[in-house]
Amino acid sequence: MKKTVKNLLLIEDDTRLREVLHQELEERDFVVQSFAELPNLDRVNPPDGILLDLRVGNDNGLDFIKLLTAKFPGARVVMMSGFGSVASAVKSMQLGAENFLAKPVTPDMIVRAFTEEQVSEAPKDESEISLARMEREYIDYVLNTSNGNITQAAKKLGLHRQSLQRKLRKNIPNK
């Protein structure tokens, strides 16, 4: 039987997502400590579960798994990512994560990931993700790293500013 998770450490660099998940998970009776980057682990209350983003700022969340599991043995680790692939899911499992959620995630998906015995959300095979979806996720990532500056993001992407604005106005593909 897996350990029940009630004390959760959330490491997610996206401010809005982190705040929403923090609030939603607290409403589901979790005690949540949330951070935008890897915190000083000596100042963190020992968690039962760790929800970790694959990309934390400029860092790779995979690099944190061993450090977190060494500091908090027995804590259940769940990775999440909008840029997930089968390879990153497998690598995270090899390093000690027990689940991998492909974004967009819902609080219910997270609760299931920490309460169910088996892996509940397998990452999508890259062949199942449409090119439009992958393009949009990458554009969102570049825009986020440019602090929302469309002109700067367009330069990084090698696009004209107007072309990037047109792409952003389109709906986000479901697949």
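A salt bridge here is a side-chain nitrogen of Lys or Arg within 4 Å of a carboxyl oxygen of Asp or Glu. By that rule, Glu98 and Arg76 pair up, with their closest N and O atoms 2.7 Å apart. What you're looking at is a predicted model, where local features need pLDDT of at least 70, side-chain atom pairs count only at pLDDT 80 or more, and totals for chains, interfaces and linings use all residues. Residues are numbered from 1 along each chain as its sequence is written, and side-chain values use heavy atoms, with hydrogens and water left out. Helices (H or I, at least four residues) and strands (E, at least two) are DSSP runs, numbered from the N terminus.

**Salt bridges**

- Searching the whole structure turns up 6 salt bridges.
- Arg28 pairs with Asp108, and their closest N and O atoms sit 3.1 Å apart. This one links distant parts of the chain: Arg28 is in the loop between helix 1 (15-27) and strand 2 (31-35), while Asp108 is in helix 4 (residues 107-115), 80 residues apart.
- Lys71 and Asp42 also meet through their side chains, at 2.8 Å from N to O. Lys71 belongs to helix 2 (residues 62-71) and Asp42 to the loop between strand 2 and strand 3 (49-53), so the bridge ties together parts 29 residues apart in sequence.
- Back to the Glu98 and Arg76 salt bridge. Glu98 is in the loop between helix 3 (86-95) and strand 7 (99-102) and Arg76 is in strand 6 (residues 76-81), so this pair connects parts 22 residues apart in sequence.
- Glu12, Asp53 and Lys103 join up in a network of salt bridges.

**How accessible the partners are**

- The cut-offs: buried means under 20% relative accessible area, exposed over 50%, and partly exposed in between (1.4 Å probe, protein chains only).
- Arg28 is partly exposed because its relative accessibility is 28%, and Asp108 is partly exposed at 41%.
- Lys71 is partly exposed at 38%, whereas Asp42 is exposed at 64%.
- Glu98 is partly exposed at 22%, but Arg76 is buried at 4%.

**Helix packing**

- Two packed helices are described by the angle between their axes and the distance between the axes. The axes are lines fitted to C-alpha atoms, for helices over the stretch in contact, and angles run from 0 to 180 degrees between N-to-C directions.
- Helix 6 (residues 150-157) and helix 7 (residues 161-169) have axes that come within 9 Å and cross at roughly 100°. So helix 6 is roughly perpendicular to helix 7 (65 to 115 degrees; under 35 is roughly parallel, over 145 roughly antiparallel and the rest oblique).
- In that contact (heavy atoms within 4.5 Å), Ile150, Thr151, Ala153, Ala154 and Leu157 of helix 6 meet Arg161, Leu164, Gln165 and Leu168 of helix 7.
- The axes of helix 1 and helix 4 come within 10 Å and cross at roughly 60°, which means helix 1 is oblique to helix 4. Leu21, Glu24 and Leu25 of helix 1 touch Pro107, Ile110 and Val111 of helix 4.

**Leu51**

- Leu51 is in strand 3 and counts as buried because its relative accessibility is 0%.
- Leaving out residues up to four places away in sequence, Leu51 touches Leu8, Leu9, Leu10, Ile11, Leu21, Val78, Met80, Ile110 and Phe114.
- The C-alpha atoms of Leu51 and Asn99 are 9.7 Å apart, though the two are separated by 48 residues along the chain.
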